[in-house]
Amino acid sequence: MSEQALPENIISRLRQNLKSAGIAFTEADIEGMVDKGFVHMVADFEKLDNRTYVNGLPDYLAGRGDSREPQSPLTGATPSTVPASRSVTGYPTIAEIAGRLQRREVSPVELTEQSLSRIAERDPILNAFQLVLADYARQQARQAEQEIANGQYRGPLHGVPLAVKDLLAMKGTITTAGSKILAQNLTDYDAAGVERLEAAGAIIVGKTRMSEFAYSPGSNNGHYGPTRNPHNLEFDTGGSSSGSGAAIADGLVFGALGSDTGGSIRMPSSQCGIVGLKPTFGRVSLYGGVTLSWSLDHLGPMTHSVTDAALMMQVLAGHDPRDIRSRPVAVPDYTADLEKGVKGLRIGVPAAANFGSITTPETVAAWRNGLNRLAAQGAELVELDLPQFEDARVLNYVILALEALAFHEANLRDRLSEYGEFMRQRILYSYAFGPAASVKAQQARQQLRLHFDSLFSRIDLLSTPTMPGGAPRLGVPPSTALTSPFNLLGWPTISVPTGKTSPDGLPLGLQLAGKPWDEVTVLRAAYALEGTDWQS
């Protein structure tokens, strides 16, 4: 859609609002916003707004279906047993190495040196790390080794080299969030996710690359460069948790933290052939993380296996009073039901037409193949027609844009030139929305939430492909069309590998989404799928 094809009032409103806000925009930026398709989302939203959803209560007045009264326990206990772990990458898993660490067959120091060596060898090619904490990691590894030797074993993450996305504060380090604006952002505290990993004894070896302020579905970053896909260096890793995806897929670390606002855990997980879990909104504290969208952001694990995702969730989940989004909901044992199987589970399968023309036939075939493998183990596939899926995508995009604008507006006035082109134009387009857009989007969100939540009377899980296709080439951001609806809903959603493209051999992923707070069922089904020979 060209500027001429857009409704005339949208571009005129964009220019007027930018001027009124005191933003020193250029006409080149206006052209870029149109050419990149950003402004077209305003037209999509106004079509949706004119059609329906305009009379309901806004979502921020509604409950989330969770208990506000604290329940016990608010954090899960260390699993008494660790189920078998099947690596989707071929590299050792946390579950595999944990027992060896506990028995002192391998040392945290040895594992950390291997990780640092692998980073030194591969990161100049992949560009996966923003910051490598070699000295700190070695110090922590020596401490972990001594603790384990003294019988003070803390659990499956103790002594395991991990990484965190560079939007999480870590005491004594710079947290750039992939930006130039925060390039000197030295923090004197730890994010909640960092605190919980370190309390479990994990060794954080570094902070991973990401797209600028997490606002791109690709690894494109005008300041620090793209992150290359380990499966083919000419292809994109996916964003915004780009470095975490590449670091795991190439065996640099055993696991990593990513954030997910429109798919940023699941997209790089799908494109890199690893496991990525976006928990229920409010399950994992976002304290100490740089915001993209307050009501859409999630933090979760990216790993070599489903078991590893469960083990990391056991550490990450739990109420945190420092984050008002964090809910006081009891944390289950995430590994307890992994081997239970999928017999009797009802998996909702939207019609391929609900995805429009964006998915490739190869993607749909791989997704269907994965579903059939679950059905062969006793799951029931329930065909659904969900035309509202597209509306959910549009609304996620709109709410994200408006909340991100609120977060960035002061810097847009004073430090506009320090934003990269993609980020600058994607954030500036938000001024094209009308004055009531935020409330109208939240009205629509609540009605869509009620509609989608009602599906759980018929199904236990909902599945889609994770991405429309395999990874695009570097510089081409992929689509969030299949991942972003689950951010709008706040449902727990996982991506697991389910095939590869031909002839490029790039990974494809399958998504499984469950009802709020039911990560256990999501992980259980993902574990069953992981056990099949998806590469065949």
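Let me begin with a convention: Ala, Val, Leu, Ile, Met, Phe, Trp, Tyr, Cys and Pro count as nonpolar, Asp, Glu, Lys and Arg as charged, and the others, Gly among them, as polar. The structure is a predicted model, in which local features need pLDDT of at least 70 and side-chain atom pairs count only at pLDDT 80 or more, while totals for chains, interfaces and linings use all residues. Residues are numbered from 1 along each chain as its sequence is written, and side-chain values use heavy atoms, with hydrogens and water left out.

I turn to the cavities. A cavity here is a set of points, on a 1 Å grid over the protein atoms alone, where a 1.4 Å probe fits but cannot get out; lining residues have an atom within 4 Å of a point. Grid points are joined across faces, edges and corners, and a volume is the space filled by probe spheres set on the points.

The search of the whole structure returns 3 cavities of 30 Å³ or more. Helix α12 (residues 388-414) supplies the largest share, 4 residues; helices are DSSP runs of H or I with at least four residues, strands are runs of E with at least two, and both are numbered from the N terminus.

The second largest cavity holds about 90 Å³. Its lining includes T261, D297, H298 and R325, and divides into 5 nonpolar, 5 polar and 2 charged residues.

Next, the aromatic rings. Rings of Phe, Tyr and Trp (its six-membered ring) pair if their centres lie within 6.5 Å; planes under 30 degrees apart count as stacked, over 60 as edge-to-face and the rest as tilted. There are 14 aromatic pairs in the structure. W294 and F407 form an edge-to-face pair, because their ring centres are 5.9 Å apart and their planes stand at 65 degrees. W294 lies in the loop between β7 (275-278) and β8 (298-303) and F407 in helix α12, so this pair ties together parts that are 113 residues apart in sequence.

F486 and W491, with ring centres 6.1 Å apart and planes at 40 degrees, are therefore a tilted pair.

Notes. On a 1 Å grid over the protein atoms alone, a cavity is a set of points where a 1.4 Å probe fits but cannot get out, and a pocket is an open set with protein on both sides within 12 Å along at least five of seven lines; lining residues have an atom within 4 Å of a point.
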